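Q: Can you walk me through this fold? I'd like to start with the sheet and then get to the helices.

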Amino acid sequence: MSQPALQSLLDLLDLEQIEENIFRGQSRPAIVPRVFGGQVAAQALVAAGRTVPADRLPHSLHAYFLRIGDAGAPIVYTVERMNDGRSFTARRVVAVQHGQPIFALSASFQRYEDGLDHQAPMPAAPDPETLPTAEERLPAYGLDPAVVEKMLESRAAVDLRYVDDPPYGRYGEPREPHSQVWFRADGKLDGPVDDPLLHVVLATYVSDMTLLDSVLLAHGRGGWAVGDVVGASLDHAMWFHRPFRADEWLLYDQESPSAAAGRGLGQGRIYTRDGRLAISVIQEGVVRVPRERPRELPKEPAEPGERPKEPGEPGAPGATPR
(Lines give C-alpha, C1' and ligand atoms only; values in the text may rest on other atoms or scores of the structure.)
Protein backbone atom coordinates (compact mmCIF):
# COMPACT_ATOMS: atom_id res chain seq x y z
CA MET A 1 0.00 0.00 0.00
CA SER A 2 1.04 3.63 -0.27
CA GLN A 3 3.46 5.53 1.93
CA PRO A 4 2.01 7.95 4.54
CA ALA A 5 2.75 11.05 2.45
CA LEU A 6 1.07 9.55 -0.61
CA GLN A 7 -1.91 8.43 1.48
CA SER A 8 -2.24 12.00 2.75
CA LEU A 9 -2.36 13.24 -0.85
CA LEU A 10 -4.94 10.60 -1.79
CA ASP A 11 -7.06 11.73 1.15
CA LEU A 12 -6.76 15.33 -0.07
CA LEU A 13 -8.02 14.31 -3.51
CA ASP A 14 -10.94 12.27 -2.12
CA LEU A 15 -13.72 14.86 -2.30
CA GLU A 16 -16.85 14.92 -0.17
CA GLN A 17 -20.11 14.97 -2.14
CA ILE A 18 -22.47 17.46 -0.50
CA GLU A 19 -25.19 17.54 -3.18
CA GLU A 20 -25.75 16.28 -6.69
CA ASN A 21 -22.99 17.80 -8.85
CA ILE A 22 -21.50 19.63 -5.82
CA PHE A 23 -18.36 18.50 -4.03
CA ARG A 24 -16.14 19.86 -1.28
CA GLY A 25 -12.39 19.49 -0.99
CA GLN A 26 -9.97 20.46 1.72
CA SER A 27 -6.86 22.53 1.17
CA ARG A 28 -3.36 22.62 2.50
CA PRO A 29 -0.55 25.14 2.14
CA ALA A 30 1.80 24.85 -0.80
CA ILE A 31 5.43 25.96 -0.96
CA VAL A 32 4.15 29.53 -1.09
CA PRO A 33 1.28 30.68 1.19
CA ARG A 34 -1.58 29.80 -1.16
CA VAL A 35 -3.26 26.72 -2.57
CA PHE A 36 -1.06 24.84 -5.04
CA GLY A 37 -2.55 25.09 -8.52
CA GLY A 38 -2.02 21.41 -9.22
CA GLN A 39 -4.15 20.56 -6.21
CA VAL A 40 -7.12 22.62 -7.45
CA ALA A 41 -6.82 21.21 -10.98
CA ALA A 42 -6.63 17.64 -9.68
CA GLN A 43 -9.58 18.07 -7.32
CA ALA A 44 -11.67 19.67 -10.07
CA LEU A 45 -10.91 16.71 -12.32
CA VAL A 46 -11.98 14.34 -9.53
CA ALA A 47 -15.28 16.25 -9.22
CA ALA A 48 -15.89 16.05 -12.97
CA GLY A 49 -14.92 12.38 -13.12
CA ARG A 50 -17.40 11.40 -10.44
CA THR A 51 -20.26 12.48 -12.70
CA VAL A 52 -19.02 10.47 -15.71
CA PRO A 53 -19.49 6.74 -16.54
CA ALA A 54 -16.58 4.63 -15.33
CA ASP A 55 -15.69 3.47 -18.84
CA ARG A 56 -14.77 7.03 -19.91
CA LEU A 57 -11.49 8.68 -18.95
CA PRO A 58 -10.34 12.25 -19.55
CA HIS A 59 -8.76 12.89 -22.93
CA SER A 60 -8.33 16.65 -22.44
CA LEU A 61 -8.74 19.46 -19.95
CA HIS A 62 -8.49 23.23 -20.21
CA ALA A 63 -8.34 25.37 -17.08
CA TYR A 64 -7.97 28.96 -15.87
CA PHE A 65 -6.62 30.04 -12.50
CA LEU A 66 -8.79 33.02 -11.57
CA ARG A 67 -7.86 33.95 -8.00
CA ILE A 68 -5.32 32.94 -5.37
CA GLY A 69 -6.70 30.08 -3.28
CA ASP A 70 -6.92 30.31 0.51
CA ALA A 71 -5.10 27.29 1.95
CA GLY A 72 -6.99 27.66 5.23
CA ALA A 73 -10.47 27.17 3.76
CA PRO A 74 -12.27 24.34 1.95
CA ILE A 75 -13.04 24.60 -1.76
CA VAL A 76 -16.49 23.89 -3.22
CA TYR A 77 -16.61 22.40 -6.72
CA THR A 78 -19.78 22.68 -8.79
CA VAL A 79 -20.05 20.47 -11.88
CA GLU A 80 -22.07 21.40 -14.95
CA ARG A 81 -23.00 18.46 -17.18
CA MET A 82 -22.35 19.99 -20.57
CA ASN A 83 -22.88 16.94 -22.80
CA ASP A 84 -23.29 13.17 -22.66
CA GLY A 85 -22.74 11.68 -26.09
CA ARG A 86 -22.26 8.15 -27.38
CA SER A 87 -18.45 8.43 -27.23
CA PHE A 88 -17.65 11.69 -25.45
CA THR A 89 -18.75 13.35 -22.22
CA ALA A 90 -18.08 17.01 -21.40
CA ARG A 91 -18.05 18.66 -17.99
CA ARG A 92 -17.40 22.15 -16.68
CA VAL A 93 -16.24 22.69 -13.10
CA VAL A 94 -16.01 25.92 -11.11
CA ALA A 95 -14.08 26.00 -7.82
CA VAL A 96 -15.38 28.51 -5.27
CA GLN A 97 -13.97 29.92 -2.05
CA HIS A 98 -15.51 32.67 0.08
CA GLY A 99 -18.25 33.13 -2.51
CA GLN A 100 -15.80 33.82 -5.35
CA PRO A 101 -14.68 31.56 -8.23
CA ILE A 102 -10.96 30.82 -7.98
CA PHE A 103 -10.63 28.26 -10.78
CA ALA A 104 -12.56 27.02 -13.82
CA LEU A 105 -12.01 23.77 -15.69
CA SER A 106 -13.51 22.20 -18.79
CA ALA A 107 -12.81 18.52 -19.31
CA SER A 108 -13.78 16.02 -21.98
CA PHE A 109 -13.97 12.27 -21.38
CA GLN A 110 -13.96 9.52 -24.00
CA ARG A 111 -14.84 5.86 -24.14
CA TYR A 112 -11.81 3.89 -25.38
CA GLU A 113 -11.67 3.15 -29.10
CA ASP A 114 -9.05 2.02 -31.62
CA GLY A 115 -7.73 4.47 -34.20
CA LEU A 116 -4.74 5.80 -36.14
CA ASP A 117 -1.59 5.87 -34.04
CA HIS A 118 1.67 7.84 -34.27
CA GLN A 119 3.69 9.95 -31.85
CA ALA A 120 6.75 12.13 -31.39
CA PRO A 121 9.70 10.00 -30.27
CA MET A 122 10.81 10.00 -26.67
CA PRO A 123 13.91 12.17 -26.11
CA ALA A 124 17.06 10.77 -24.57
CA ALA A 125 17.27 10.88 -20.79
CA PRO A 126 19.28 9.05 -18.13
CA ASP A 127 17.60 6.31 -16.10
CA PRO A 128 15.77 7.76 -13.10
CA GLU A 129 17.54 5.44 -10.66
CA THR A 130 20.87 7.06 -11.60
CA LEU A 131 19.65 10.53 -10.56
CA PRO A 132 19.78 11.96 -7.02
CA THR A 133 16.54 12.20 -5.05
CA ALA A 134 15.24 15.56 -3.84
CA GLU A 135 16.49 14.74 -0.35
CA GLU A 136 19.98 14.19 -1.76
CA ARG A 137 20.02 17.11 -4.20
CA LEU A 138 18.35 20.04 -2.44
CA PRO A 139 20.69 20.52 0.57
CA ALA A 140 23.65 20.91 -1.79
CA TYR A 141 22.35 24.20 -3.25
CA GLY A 142 22.85 26.34 -0.17
CA LEU A 143 19.21 27.42 0.02
CA ASP A 144 17.57 28.63 3.22
CA PRO A 145 16.94 25.46 5.28
CA ALA A 146 13.33 26.56 5.81
CA VAL A 147 12.86 26.73 2.03
CA VAL A 148 14.35 23.27 1.59
CA GLU A 149 12.05 21.89 4.28
CA LYS A 150 8.98 23.39 2.59
CA MET A 151 9.97 22.01 -0.79
CA LEU A 152 10.55 18.52 0.56
CA GLU A 153 7.28 18.59 2.47
CA SER A 154 5.24 19.83 -0.50
CA ARG A 155 6.58 17.05 -2.76
CA ALA A 156 6.79 14.23 -0.23
CA ALA A 157 4.08 12.22 -2.01
CA VAL A 158 5.98 12.33 -5.30
CA ASP A 159 9.42 10.98 -6.16
CA LEU A 160 10.57 13.75 -8.52
CA ARG A 161 14.12 13.73 -9.90
CA TYR A 162 15.69 16.43 -12.07
CA VAL A 163 17.91 15.32 -14.92
CA ASP A 164 19.93 18.56 -14.63
CA ASP A 165 20.10 21.25 -11.95
CA PRO A 166 16.75 23.01 -11.42
CA PRO A 167 16.56 26.80 -11.86
CA TYR A 168 17.40 27.53 -8.23
CA GLY A 169 20.37 25.14 -8.35
CA ARG A 170 22.44 27.25 -10.77
CA TYR A 171 20.75 30.61 -11.09
CA GLY A 172 22.51 33.65 -12.47
CA GLU A 173 23.55 31.96 -15.71
CA PRO A 174 21.02 31.71 -18.56
CA ARG A 175 20.66 28.20 -19.94
CA GLU A 176 18.75 26.47 -22.69
CA PRO A 177 15.00 26.78 -21.98
CA HIS A 178 14.63 23.03 -21.61
CA SER A 179 14.14 20.87 -18.52
CA GLN A 180 13.55 17.20 -17.80
CA VAL A 181 12.29 15.46 -14.68
CA TRP A 182 11.35 11.88 -13.93
CA PHE A 183 8.45 11.45 -11.52
CA ARG A 184 6.18 8.83 -10.00
CA ALA A 185 3.92 8.53 -6.98
CA ASP A 186 6.05 7.68 -3.95
CA GLY A 187 4.29 4.41 -3.26
CA LYS A 188 2.32 1.70 -5.02
CA LEU A 189 -1.29 2.35 -5.99
CA ASP A 190 -2.95 -0.97 -5.34
CA GLY A 191 -6.19 -2.36 -3.99
CA PRO A 192 -9.26 -0.08 -3.97
CA VAL A 193 -7.24 3.03 -4.88
CA ASP A 194 -5.94 1.52 -8.13
CA ASP A 195 -8.47 3.45 -10.22
CA PRO A 196 -7.60 4.52 -13.80
CA LEU A 197 -9.01 8.00 -13.13
CA LEU A 198 -6.73 8.42 -10.10
CA HIS A 199 -3.62 7.89 -12.23
CA VAL A 200 -4.78 10.72 -14.53
CA VAL A 201 -5.58 12.93 -11.53
CA LEU A 202 -2.13 12.39 -9.98
CA ALA A 203 -0.39 13.24 -13.25
CA THR A 204 -2.49 16.42 -13.40
CA TYR A 205 -1.36 17.28 -9.86
CA VAL A 206 2.33 16.86 -10.71
CA SER A 207 2.11 18.59 -14.09
CA ASP A 208 1.92 22.03 -12.43
CA MET A 209 5.06 21.57 -10.32
CA THR A 210 7.85 22.20 -12.82
CA LEU A 211 6.43 23.29 -16.17
CA LEU A 212 7.56 26.93 -15.93
CA ASP A 213 11.12 25.94 -14.96
CA SER A 214 12.23 26.27 -18.57
CA VAL A 215 11.08 29.91 -18.61
CA LEU A 216 13.33 30.63 -15.63
CA LEU A 217 16.27 28.75 -17.13
CA ALA A 218 16.26 30.95 -20.23
CA HIS A 219 16.87 34.03 -18.08
CA GLY A 220 19.07 32.59 -15.34
CA ARG A 221 16.37 33.07 -12.73
CA GLY A 222 16.08 30.83 -9.69
CA GLY A 223 12.38 31.31 -8.98
CA TRP A 224 10.53 31.76 -5.72
CA ALA A 225 13.16 29.72 -3.82
CA VAL A 226 15.64 32.58 -4.17
CA GLY A 227 13.11 35.40 -4.59
CA ASP A 228 14.20 36.70 -7.99
CA VAL A 229 10.83 36.28 -9.72
CA VAL A 230 7.18 36.49 -8.79
CA GLY A 231 4.99 33.96 -10.56
CA ALA A 232 1.66 32.18 -10.69
CA SER A 233 -0.14 29.87 -13.11
CA LEU A 234 -2.64 31.54 -15.43
CA ASP A 235 -4.01 28.72 -17.56
CA HIS A 236 -3.28 25.04 -18.05
CA ALA A 237 -4.18 22.53 -20.75
CA MET A 238 -3.55 18.78 -20.97
CA TRP A 239 -4.24 16.05 -23.52
CA PHE A 240 -4.14 12.41 -22.43
CA HIS A 241 -3.10 10.21 -25.35
CA ARG A 242 -2.29 6.73 -24.02
CA PRO A 243 -2.72 4.73 -20.81
CA PHE A 244 -0.09 5.10 -18.08
CA ARG A 245 0.41 4.47 -14.39
CA ALA A 246 1.29 7.33 -12.05
CA ASP A 247 3.14 4.94 -9.71
CA GLU A 248 5.61 4.01 -12.48
CA TRP A 249 8.34 6.31 -13.82
CA LEU A 250 7.22 9.03 -16.23
CA LEU A 251 9.56 11.39 -18.07
CA TYR A 252 8.39 15.01 -18.17
CA ASP A 253 10.22 16.77 -21.02
CA GLN A 254 9.61 20.54 -20.86
CA GLU A 255 10.57 23.64 -22.83
CA SER A 256 9.63 27.30 -23.17
CA PRO A 257 9.11 28.74 -26.66
CA SER A 258 8.36 32.28 -25.42
CA ALA A 259 8.31 34.77 -22.56
CA ALA A 260 6.96 38.30 -22.98
CA ALA A 261 4.74 40.92 -21.34
CA GLY A 262 5.21 39.51 -17.84
CA ARG A 263 4.10 36.02 -18.95
CA GLY A 264 5.97 32.84 -19.78
CA LEU A 265 4.81 29.83 -21.80
CA GLY A 266 5.82 26.28 -20.98
CA GLN A 267 5.01 23.16 -22.95
CA GLY A 268 5.75 19.59 -22.02
CA ARG A 269 5.40 15.97 -23.06
CA ILE A 270 5.10 13.13 -20.58
CA TYR A 271 6.37 9.70 -21.66
CA THR A 272 6.14 6.29 -20.07
CA ARG A 273 9.45 4.61 -19.38
CA ASP A 274 9.06 2.35 -22.42
CA GLY A 275 8.72 5.38 -24.71
CA ARG A 276 4.97 5.88 -25.19
CA LEU A 277 3.78 9.50 -25.34
CA ALA A 278 1.14 9.59 -22.61
CA ILE A 279 0.35 13.29 -22.10
CA SER A 280 0.90 16.69 -23.72
CA VAL A 281 0.81 19.80 -21.50
CA ILE A 282 0.83 23.57 -22.12
CA GLN A 283 0.76 26.25 -19.44
CA GLU A 284 1.12 30.02 -19.34
CA GLY A 285 2.02 31.78 -16.14
CA VAL A 286 2.83 35.17 -14.72
CA VAL A 287 6.62 35.53 -14.51
CA ARG A 288 7.60 38.96 -13.20
CA VAL A 289 10.89 40.33 -11.96
CA PRO A 290 10.39 42.09 -8.58
CA ARG A 291 10.89 45.83 -8.73
CA GLU A 292 14.02 47.05 -6.99
CA ARG A 293 12.40 50.33 -5.99
CA PRO A 294 8.84 51.69 -5.81
CA ARG A 295 7.44 52.68 -9.14
CA GLU A 296 7.27 56.45 -9.63
CA LEU A 297 3.86 57.97 -10.22
CA PRO A 298 3.38 59.12 -13.80
CA LYS A 299 3.48 62.83 -14.36
CA GLU A 300 0.23 64.50 -15.33
CA PRO A 301 0.17 65.62 -18.95
CA ALA A 302 0.84 69.34 -19.33
CA GLU A 303 -1.62 71.72 -20.88
CA PRO A 304 -0.63 72.93 -24.33
CA GLY A 305 2.31 75.30 -23.98
CA GLU A 306 2.90 74.36 -20.34
CA ARG A 307 5.93 72.38 -19.14
CA PRO A 308 5.30 69.24 -17.00
CA LYS A 309 5.40 69.88 -13.27
CA GLU A 310 8.41 68.47 -11.44
CA PRO A 311 8.06 66.49 -8.19
CA GLY A 312 7.54 68.82 -5.24
CA GLU A 313 5.94 71.61 -7.24
CA PRO A 314 2.36 72.60 -6.40
CA GLY A 315 0.00 70.48 -8.45
CA ALA A 316 2.61 67.82 -9.20
CA PRO A 317 1.69 64.15 -8.51
CA GLY A 318 2.17 63.48 -4.81
CA ALA A 319 2.66 67.15 -3.91
CA THR A 320 1.05 68.56 -0.79
CA PRO A 321 -1.88 70.77 -1.81
CA ARG A 322 -1.64 74.44 -0.88
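What follows is a short chat about the model, its sheet and its helices.

Q: Before we start, what kind of model is this, and how are residues numbered?
A: It's a predicted model, where local features need pLDDT of at least 70, side-chain atom pairs count only at pLDDT 80 or more, and totals for chains, interfaces and linings use all residues. Residues are numbered from 1 along each chain as its sequence is written, and side-chain values use heavy atoms, with hydrogens and water left out.

Q: What pLDDT does the protein chain average?
A: The chain averages 89, and 89% of the residues score at least 70. pLDDT is the predictor's confidence in each residue, from 0 to 100. Over residues 294-322 the pLDDT is below 50, and that stretch has 17 contacts in the model beyond near neighbours in sequence. Contact here means heavy atoms within 4.5 Å.

Q: How many bridges do strand 10 and strand 11 pair over?
A: Strand 10 (residues 250-260) and strand 11 (residues 263-272) pair over 9 bridges, in the antiparallel sense. Glu255 has Gln267 in strand 11 as its bridge partner, and Ala260 stands opposite Arg263. Their hairpin has 2 residues between the strands, and Ala261 takes a positive phi near 55° there.

Q: What about strand 11 and strand 12?
A: They run antiparallel and are joined by 9 bridges. Arg263 stands opposite Val286 in strand 12. This hairpin has 4 residues between the strands, and Gly275 in the turn has a positive phi of about 100°.

Q: And strand 9, who are its partners?
A: Strand 9 pairs with strand 12 over 10 bridges in the antiparallel sense, with Gly231 partnered by Val287. Strand 3 is joined to strand 9 by 5 bridges, also antiparallel, and Leu61 stands opposite Met238.

Q: How do helix 2 and helix 5 cross?
A: The axes of helix 2 (residues 37-49) and helix 5 (residues 196-207) come within 8 Å and cross at roughly 155°. That makes helix 2 roughly antiparallel to helix 5. Angles under 35 degrees count as roughly parallel, over 145 as roughly antiparallel, 65 to 115 as roughly perpendicular and the rest as oblique.

Q: Which residues meet there?
A: Gly38, Gln39, Ala41, Ala42, Leu45, Val46 and Gly49 in helix 2 meet Leu197, Val200, Val201, Thr204 and Tyr205 in helix 5.

Q: And helix 1?
A: The axes of helix 1 (residues 4-13) and helix 5 come within 12 Å and cross at roughly 100°, which means helix 1 is roughly perpendicular to helix 5. Leu9, Leu10 and Leu13 in helix 1 meet Leu198, Val201, Leu202 and Tyr205 in helix 5.

Note on methods: Axes fitted to C-alpha atoms, helices over the stretch in contact; angles between N-to-C directions. Pairing = 2+ DSSP bridges.
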